[in-house]
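Please look at the structure below, then read the briefing that follows.

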Amino acid sequence: MAVITFSREPHSGTQDLARLVAERLGYRYVGIEELTQAVTDRSGVERAPQTSEHEGRALSLWEQLGEHLTGDREAYTTALRAVTTDLAAADNVVIVGHGAGLFLSDVRTAVRVFVVAPIEERVARLMAEGGGTDPEQARRLIEQRDRDSAEYIRHAFGIDWLDPHQWDLVINTGRANAHAALDMLVYYTQSLIRDRAEQVDLGRQQLTNRIETALLADQHLGVDKLSVRSSAGGDIVLEGEALADADRERAELIARRIAPRATFDNQIVIRPPTTA
């Protein structure tokens, strides 16, 4: 019982591998289109759908993408974390795209896979999919998508996406035998068993996600740098910078409506706007 997430260099053959893993394990497969739609439904922030011509394209600079976001960056990120956590809590799922596994770095039964491939093979795969009129153009497209993906991961998670320490497994599809890689992933995943403590932790994360989503959706709430987390002792901690005491109190009131039995630690500070 586990969750497997796949992040990848664009056009590295990841989706085929992910589907095979899901099929072998009997897990639910959540591809990038389904994940994108779930995040849009949760956040109300839209992102243009993936197409075969740019499979693997990740979000990059939030305001300057070919795949534009319309809405709030924080709302989108919070919704992505919430959707990912819900899928992980349900267990037995394979998720592809958006760097989703990086939200599960503390989940022992989450296998975070990063897939790479030689540039020549990626170019060939992109051209076979109809992207690029010649190898040089296809190479330029891939290099741009790599920059976009790196920028997205840096903005969303503050890490270098090519740092192998951020992932549990790194698979080079240009060198690794596909059947051997599949067998390894299946064997590794089947060895993982989620205990009650981890399920409780995921439940707490689901609750804090719901609260943060509700707070971000309140257009009358003046709190900047908002975040909601669970403390080591199980308290729900509200953090951010409020314009006034009323905003600080409103945030806690909304949170208590969602989790009436929880203990709250309201650490939102008052930082009214200053004039030059």
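**Strand 9 and its partners**

Leu238 stands opposite Asn266 in strand 10. Strand 10 covers residues 264-266, runs parallel to strand 9 and is joined to strand 9 by three bridges. This is a predicted model, in which local features need pLDDT of at least 70 and side-chain atom pairs count only at pLDDT 80 or more, while totals for chains, interfaces and linings use all residues. Residues are numbered from 1 along each chain as its sequence is written, and side-chain values use heavy atoms, with hydrogens and water left out.

Terms
- Helices (H or I, at least four residues) and strands (E, at least two) are DSSP runs, numbered from the N terminus.
- Two strands pair if DSSP finds at least two bridges between them.

Strand 9 in its surroundings
- Strand 9 spans residues 236-242, and five of its seven residues are buried (under 20% relative accessible area, with a 1.4 Å probe and protein chains only).
- Strand 11 (residues 269-270) runs parallel to strand 9, with two bridges between them.
- Val269 in strand 11 is the bridge partner of Glu241.

The hairpin with strand 8
- Strand 8 (residues 223-230) pairs with strand 9 in the antiparallel sense over six bridges.
- Opposite Glu239 in strand 9 stands Ser227.
- Five residues lie between the two strands of this hairpin, where Gly234 takes a positive phi near 95 degrees.

A residue elsewhere in the chain
- His98 lies in the loop between strand 5 (93-96) and strand 6 (110-116).
- His98 is buried, with a relative accessible area of 5%.
- The C-alpha atoms of His98 and Ala156 are separated by 9.7 Å, and the two residues are 58 residues apart along the chain.

Technical notes: Buried < 20%, exposed > 50% of the residue type's maximum accessible area, 1.4 Å probe, protein only.
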